[in-house]
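Load the model in your viewer and keep the selection panel handy. We will take the stops one at a time.

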Amino acid sequence: NRFICPQCGGEMISGDNDATAFCSYCGSANILSTRISKEKAPSHIIPFKITKEYCKKAYARKMRKAFFAPKEFKSPEFIDGFRGIYMPYHSYCFNQKGPVNLTGKTSKRKGDYIYTDHYDLTGDLDAYYRGFYYDASTSFYDSISESVAPFNAEDIVPFTPSFLSGFYADVEDVKRGTYLDEATKRANNNTYDALCK
């Protein structure tokens, strides 16, 4: 897909799911507003917490130990080209309320015999899960997106397009319902584990 750079008028080429693009002529970072429609725009975002300079220094420290890494990976030009990237996620929340019926048992030995008592356990469940996150972009392997998690919910703020300025960003292209069954099972397992403790 081709876009015109608003800074210099040069032609920019972007991938199908890119929400931002960098002009190869003037180097300016541009937000592709037509890609961030009301349907595609996220409701919230976690802004970057580390600077580009911090990232460059951390990478340089790691590369000093990578003796067999290609030389171009250690060049200042390569490192200076680092850009942060915003990855889209779907967030699932669950509210579990209602009666619960479980069975339990305890066993104890007396001499040559083992006595087992069986119990019926009843109660009212009131559980809430916020923020089961799943990768919403096919551009990234799930292993990459999973390595970024878990997130600190206190860092989440309402989204505005200005957050994307100077960064790479993708729009979501994975349907929201894709991970619903998996997230539901995860919530149910968490609740069951908590009840069994």
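A pocket, searched on a 1 Å grid over the protein atoms alone, is an open set of points where a 1.4 Å probe fits, with protein on both sides within 12 Å along at least five of seven lines; lining residues have an atom within 4 Å of a point. A volume is the space filled by probe spheres set on the points, which are joined across faces, edges and corners.

This is a predicted model: local features need pLDDT of at least 70, side-chain atom pairs count only at pLDDT 80 or more, and totals for chains, interfaces and linings use all residues. Residues are numbered from 1 along each chain as its sequence is written, and side-chain values use heavy atoms, with hydrogens and water left out.

**The second largest pocket.** The space here is about 290 Å³. Now colour β8, α3 (142-148) and α4, which each give two or more residues to the lining (helices, H or I, of at least four residues and strands, E, of at least two are DSSP runs numbered from the N terminus). β8 gives the most, with five residues.

**The largest nonpolar core.** Next, select the twelve residues of this core, including Tyr92, Leu125 and Val174. Such a core joins buried Ala, Val, Leu, Ile, Met, Phe, Trp, Tyr and Cys residues through side-chain atoms within 4.5 Å; buried means under 20% relative accessible area, exposed over 50%, and partly exposed in between (1.4 Å probe, protein chains only). β8 supplies its largest share, five residues. Finish on Ala183, which touches Tyr92, Phe94, Phe132 and Tyr134 (heavy atoms within 4.5 Å), not counting residues up to four places away in sequence.
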